[in-house]
Amino acid sequence: MLHLASQSPRRRALLTRLGLPFGLVDVDVPECREPGEPALDYVRRVAREKAGAGLLAVVAVPGAVVLGADTEVVLDGEVFGKPRDDAEAASMLRRLSGRTHEVVSSVALVGADREAQATVVTEVTFAALDAATIAAYVASGEPRGKAGGYAIQGGAELFVERLAGSYSGVVGLPLQQTAALLRTFGLDPRPFAADAQEA
């Protein structure tokens, strides 16, 4: 049985699209970057820790497989997590304006006797954003709880001049890579099946 170690509604909706039944596991994993830890290593570690914590919660379930994931915005080596408030969201957007940043999305899959991981780095280029646009976007409330202070599947889609990589990875779960990992665990995604639904 597949379990998603996340309460993110975006990640849940993306995983649902793969057509596999899954359960939800609520995990509490600190997302704190270690001093000197490269951004890529940090995102990979957090994804693994989420999956591991999830497996501990469902260890009594025979054949349990747990998916953990983490997605972060990175600019000049700095990780832009979820903004603490609207002012920080506006600051992030000012820094991303007119620049190309990376979105690192890592997926970890763990079972009782094995684990696998895939990480995708997507380049996202924002158009130049004026102060009024940033203020209006922040006032919409959409940046809250979003890495980098934006949601590409929402209003921030209008900011994107170019994207090279995985769109679903920027949203929170790179679907192609996730499907490939699931197949290595004997789980067969069926996104086009009429009876595909979340458990």
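This is a predicted model: local features need pLDDT of at least 70, side-chain atom pairs count only at pLDDT 80 or more; totals for chains, interfaces and linings use all residues.
The whole structure holds 10 salt bridges. Three of them are set out here, among them two that involve Lys50.

| Salt bridge | N to O distance | Accessibility of one partner |
|---|---|---|
| Lys50 and Glu31 | 3.3 Å | Glu31, 31% |
| Lys50 and Asp70 | 3.5 Å | Asp70, 2% |
| Arg45 and Glu37 | 2.8 Å | Glu37, 12% |

**Lys50 and its partners**

Lys50 meets Glu31 in a salt bridge at 3.3 Å, N to O. Lys50 sits in helix 2, residues 39-57, while Glu31 belongs to the loop between strand 2 (22-24) and helix 2, so this pair ties together parts 19 residues apart in sequence. Lys50 has 9% relative accessibility and counts as buried. Glu31, at 31%, is partly exposed.

The side chain of Lys50 also meets that of Asp70 in a salt bridge, at 3.5 Å from N to O. Asp70 lies in strand 3, residues 65-75, and Lys50 in helix 2, so the contact ties together parts 20 residues apart in sequence. Asp70 is buried, at 2% relative accessibility. Shared partners join Glu31, Lys50, Asp70 and Lys82 into one salt-bridge network.

**Arg45 and Glu37**

Arg45 forms a salt bridge with Glu37. Their closest N and O atoms are 2.8 Å apart. Arg45 has a relative accessible area of 15%, and is buried because the cut-off for that class is under 20%. Glu37 is buried too, with a relative accessible area of 12%.

Notes
Residues are numbered from 1 along each chain as its sequence is written. Side-chain values use heavy atoms; hydrogens and water are left out. A salt bridge is a side-chain nitrogen of Lys or Arg within 4 Å of a carboxyl oxygen of Asp or Glu. Helices (H or I, at least four residues) and strands (E, at least two) are DSSP runs, numbered from the N terminus. Buried means under 20% relative accessible area, exposed over 50%, partly exposed in between (1.4 Å probe, protein chains only).
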